[in-house]
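Please keep the sequence and the structure in view while reading.

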Amino acid sequence: VINIIYYHFMTNKSNYEYLLSDLTKLKGVGAKTTNLLKKKKINNIFDLLWKLPKSYTDRSRSTKIKDLKIGENQTITIIPQKYSFPRVRNLPNKVSCADETGEIDCIFFNSYEGYVRKILPLKKEITISGKIGFFRNKYQLTNPKYISEDSSLIKQKHNTYSLTDGISEKIYNKIINQIIKNLPTLNEWHSDNILNKFGKIKWNDAIVELHKPENIGNYKKNFYQRLAFDEIFSTFLVNSEIRKKIKKIKKKSKLVDKAKQDKILNKLEFTLTKDQFKTLEEINNDLSSTNKMFRLLQGDVGSGKTIVSLLAAYNTINSGFQVAFMAPTEILARQHFNFAKKLFSNQINIELISGKSEYKNKKEILKKLADNQIDIIFGTHAIFQKKVFFKNLGLIIIDEQHKFGVNQRKRLSDKGGKDCDVLLMTATPIPRTLTMTLYGDMDLSIIREKPKSRKPIKTYSKLESKIDDVIKFIKKEIKSGNQIFWVCPLIEESKKLDHSSAVKKFEYLNKIFPNQVSLLHGKTDLEDKEVILDNFLKKKFQILVSTTIIEVGIDFPNANVIIIENANKFGLSQLHQLRGRVGRGDKDSTCILMFKSNLSENAKKRINILKESNDGFYISEEDMKIRGFGDILGFKQSGIKNFKLADPIHNSDLFLLAEKEIRRIEMDNDNISKFKPLIKLYDRADIINDIA
Ligand code: ADP
Ligand code: MG
């Protein structure tokens, strides 16, 4: 019996384990090739499945010499007639060849005589291919690409690949054919309903089709769609499992005191928008449930997320818990801190921990946190350092951390302990199809509607040579009591250069507007920074020249003009973020995008999207359509999964289908063990170790 079980286990396992084996398991692949492939992030057999042919040479249709076309890749069957091995360095070896219709010379540079003799033996019929040249009245073929006496191979179509240094097409063809031949038959993981959408094609068959040269570019065919779907689905499934796992964690529920919440609401100078109310309700429901919250509050820049999160914090505190509020920069942490102090006056204990806090002060804060004498603490990532202990942490709020990847978030959710809810916030709207890809591990609350008082920001583009017009405009704005942000270009991510260009601009503007300009850059001392921003808020000067540090979150109601230099260095979503620094008050506001040279058609198209819309969600969708999704939002750094086949633009239907199927699986509480091979093959992140 044991033997049978063991046998069963082995075969089952070997099913997909073969695909996860090391490359050296392949015949004809040694350490050298393995290392070359590893450099290309091809680490196992499965990875090689996505090395797809770029094109192919059809060797079945051999051409006769008299019909050769110069400059084209062609295949001919010839008989080598005569060698010529010059004994002079740098002169190539030559083999004169012929068929019944004419003659051609095969030329070999840097080759050994033995090699040439071996692959082009005299008087034997050989098939070769390559780009046909013409030299001294004769056809010529330099370094023929593929040479074989084996006529069965000649009949085959031969795939061409984009080549990794040191690995020839011949090797790629050989090893990929080998894998296709040994492909294990995997048990189907999809439901019939899903399979029917792809003509019931099985994973193995789809892989075989994928590698057929005549299928290159057949993105609409069932095999391609199914494989793209597998890719999307596995990502979503892993995310869904993480979410389920977190939500299963039982916690002490919080008691949301609506009367106290209303008192704060009545104190506000504005009423919440419908979406703010709705999202607050969603968060409150999570707080009062017995399941741990892991929620993302997504809302365009200026949509008013802070107040929603602070109300959630207030409710948590009133239920007897502490709250940690983390911001990406000290400046933003301080702004939130000040807002909270104003909002809650003396009702709760509020603290700010900053890198600049004095040691004694810091020690005092840490002590108070551990003694439960602080209700809410604001700070940067410093508030999650090892030596920081909370007596009774009930909620972690994290602002503007869209660049956190799934792994980072998961670690974070573990941090506060089981009774601690987690709320993340982001002002980076993303295209609908990417939501599950990027945020599928969290529950989502979205604020779409902006406060009614907001006016659209007028957006213009301007050539740098027309800077005088811009100066004229600024003079007028300053006269009417307005303030200006001047964002300096990002030059090749070099802090030094960013710095010097900001300094130069400051000097230039300071000559025109003496005593009305201040400068903020990456090297500005933290204390100075706070003073400068505070002075800007108090209208002590009118123009703030800065690098992009003003990008995230900070709120300046009096500033209503933003100039962005070298605007083509930014993505649309980033420009939209920057632009969102203005237009928060009730005045008209303006954004001027400056460019070094005339815009290309594509750049114009992109900028027009910004000019026409103030809706971050729409902008991200359009930007993705033009630029592709890879780097629209700087998600590349966030460890976002790189899809090999799936594309959020062309396969948006598949993304939505995958989302629907995930929801169904969640609803029906399907056993996901049948997806194990899928997850193991497609998502080898550490995170799945606890799942599959
Ligand atoms: P973001 O969503 O970008 O973080 P903030 O929370 O910083 O936006 O809000 C931007 C500004 O809008 C703040 O000054 C805030 O007080 C104000 N605000 C928030 N909600 C409303 C509202 N419903 N009506 C008017 N102003 C609001
Ligand atoms: Mg914010």
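The model is predicted, so to speak of a local feature requires pLDDT of at least 70, and side-chain atom pairs count only at pLDDT 80 or more, whereas totals for chains, interfaces and linings use all residues. Residues are numbered from 1 along each chain as its sequence is written, chains are lettered from A and ligands numbered from 1 in the order in which they are written, and side-chain values use heavy atoms, with hydrogens and water left out.

**The protein as a whole**

- Of the 692 residues, 52% are buried; buried means under 20% relative accessible area, exposed over 50%, and partly exposed in between, with a 1.4 Å probe and protein chains only.
- Among contacts (heavy atoms within 4.5 Å) between residues at least 6 apart in sequence, 73% join residues at least 24 apart.
- The accessible surface is about 33,800 Å², and carbon and sulfur atoms account for 50% of that area. Such areas come from the Shrake-Rupley method with a 1.4 Å probe, and for residues only the protein chains shown count as cover.

- A polar side-chain atom of Lys305 lies 2.7 Å from an oxygen atom of ligand 1, and a polar backbone atom of Ser303 is 3.4 Å from an oxygen atom of the ligand.
- A nitrogen atom of ligand 1 lies 3.0 Å from a backbone N or O atom of Thr271.
- On its own, ligand 1 has 560 Å² of accessible area, and the protein covers 87% of this.

**Asp421**

- Asp421 lies in strand β13, residues 421-426, and counts as buried because its relative accessibility is 0%.
- The side chains of Asp421 and Lys251 are joined by a polar contact of 2.9 Å; a polar contact is a pair of N or O atoms within 3.5 Å, where within protein one must be able to donate a hydrogen and the other to accept it, and residues adjacent in sequence count only if both atoms are side-chain atoms.
- A polar atom of the Asp421 side chain lies 2.6 Å from the backbone nitrogen of Met293.

**Ala333**

- Ala333 is found in helix α13, residues 330-344, and is buried because its relative accessible area is 3%.
- Leaving aside residues up to four places away in sequence, Ala333 touches Ala327, Leu352, Phe378 and Gly379.

**Paired strands**

- Strand β2 (residues 73-84) and strand β5 (residues 126-135) pair in the antiparallel sense over six bridges; two strands pair if DSSP finds at least two bridges between them.
- Strand β5 also pairs with strand β6 (residues 138-142) in the antiparallel sense, over four bridges.
- The hairpin of β5 and β6 has two residues between the strands, and Arg136 there takes a positive phi near 45 degrees.
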